[in-house]
Amino acid sequence: MVSLINKSNIQKRRAPGSRFYFLLLAAPAAAMCLGLAWGRYPVELMDILRIFGGKLGIPVNEVSSSVLETVVLKVRLPRILAAMLIGGGLSVSGAAFQGLFRNPLVSPYVLGVASGAGFGAALGIVIWNQPFMIQGCAFLSGICAVSAAWLMSKFYKGSGNMIIVLGGVIVGAFFQSLLSLVKYMADPDDKLPAIVYWLMGSLASITMEDLYTVLLPMLISIMFLMLMRWRLNVLSLGDEEARILGVEAGKLRIGVILGVTVITASAVSVSGIIGWVGLVVPHLARMLVGPDYMKLIPASLALGACYLVLIDGVARNISAAEIPLGILTATVGAPFFAWLLTKGKTGWA
């Protein structure tokens, strides 16, 4: 009888979120259309449909201006697709880590991947200053940072989650010091400004080739987290409860950390460090659809994609000089998170 009452209460508590679920899944398409049309060179929606229709072989009236095709297909489309992929990936990663560590303040950067990738990118800028080498160094260094945090946790006794997080803090501080050393030694007239701008995060120079390099690993990792989302429900209850329900917490933890690391390192390697997305968006999704990871992960993916497309649109249009995305995400995310804390929400997981 008690279990039936509890089940009824859970269904009532989660019912309001279900109203938003299917709407959230359609939101990225609307955000993409808005991003393609919104800019200093305005493009009408019908022109966008004609351009894509022509490329897909659908018989439509041809677009009169080739400038429109260049703006839509070569300037805006790559960065909008990148914004959707990076925003959705970071949001899914943040939601997965918050459930894994059972901590609402955890972000995808908690294990030091941002500091590691920043050091690798700075080293690539100083030594080679070629986009491919910068991205490769950032990705490999981010992976190394998380691996070091994981290995460090194996040498100490204590609570697994807490030790991993502390290892991430230590490794992050170490790579941050290496990054400062590289910045100190960099040419102040050429290399140092490039390092600083890269660290602030931007999609201004993104190309389809950049997107192709990270598309496959990010999609595979996102799909893995989507398939594991029901297990995250169990893992968020604790290791003992997960073991009782037949879920191997240790193996699942390794898999989630690996998937989140690949997503985050890939995103940082092409866009720089864009903070607050993986921290704020999962909370917003949780407010809309509830704590069930079967709905929370897809909702975080959709909201993150929309959020970064909108932020990128503001960055492109708010001033003549494009503002780095990291500045805007912090400007928006910090007040929102402060407001969220004032609401006194409990039972987030």
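Me: Leaving aside neighbours within four places in sequence, what is Phe97 in contact with?
Reply: This is a predicted model. In it, Phe97 is in contact with Arg102, Val106, Ser107, Pro108, Val110 and Leu111, and also with Val256, Ile257 and Val260. Neighbours within four places in sequence are left out of that list.

Me: And is Phe97 buried or exposed?
Reply: Phe97 is buried, as is Phe101.

Me: Which residues have the most contacts inside the largest nonpolar core?
Reply: They are Phe97, Phe101 and Val256, in a core of 94 residues. The helix that gives the most to this core is α3 (residues 66–100), with 16 residues.

Me: Let us turn to the rings. How many aromatic pairs are there?
Reply: The count comes to five aromatic pairs. One of them is formed by Phe97 and Phe101, and this pair is edge-to-face. The distance is 5.1 Å centre to centre, with 70° between the planes.

Me: What about Phe119 and Phe175, and why is that pair called tilted?
Reply: Their ring centres are 5.8 Å apart and their planes lie at 55°. Planes under 30 degrees apart count as stacked and those over 60 as edge-to-face, so an angle of 55° makes the pair tilted.

Me: Where in the chain do those two sit?
Reply: Phe119 is in helix α4 (residues 113–127) and Phe175 is in helix α6 (residues 160–185). They are 56 residues apart, and the pair links distant parts of the chain.

Me: Why do Phe119 and Phe175 count as buried?
Reply: The cut-off for buried is under 20% relative accessible area. Phe119 has 16%, so Phe119 is buried. Phe175 also counts as buried, because its relative accessibility is 11%.

Me: Which residues form one aromatic cluster?
Reply: Phe119, Phe174 and Phe175 form one.

Me: Now the whole chain. How many helices and strands does it have?
Reply: It has 14 helices and zero strands.

Me: And what share of the residues count as buried?
Reply: Of the 349 residues, 49% count as buried. The accessible surface of the chain is about 17,000 Å², and 68% of it belongs to carbon and sulfur atoms.

Me: One last point: among contacts between residues at least 6 apart in sequence, what share join residues at least 24 apart?
Reply: For this chain, the share is 76%.

Definitions and conventions. Residues are numbered from 1 along each chain as its sequence is written. This is a predicted model: local features need pLDDT of at least 70, side-chain atom pairs count only at pLDDT 80 or more; totals for chains, interfaces and linings use all residues. Side-chain values use heavy atoms; hydrogens and water are left out. Helices (H or I, at least four residues) and strands (E, at least two) are DSSP runs, numbered from the N terminus. Buried means under 20% relative accessible area, exposed over 50%, partly exposed in between (1.4 Å probe, protein chains only). Contact means heavy atoms within 4.5 Å. Accessible areas come from the Shrake-Rupley method with a 1.4 Å probe; for residues, only the protein chains shown count as cover. A nonpolar core is a set of buried Ala, Val, Leu, Ile, Met, Phe, Trp, Tyr and Cys residues joined through side-chain atoms within 4.5 Å. Rings of Phe, Tyr and Trp (its six-membered ring) pair if their centres lie within 6.5 Å; planes under 30 degrees apart count as stacked, over 60 as edge-to-face and the rest as tilted.
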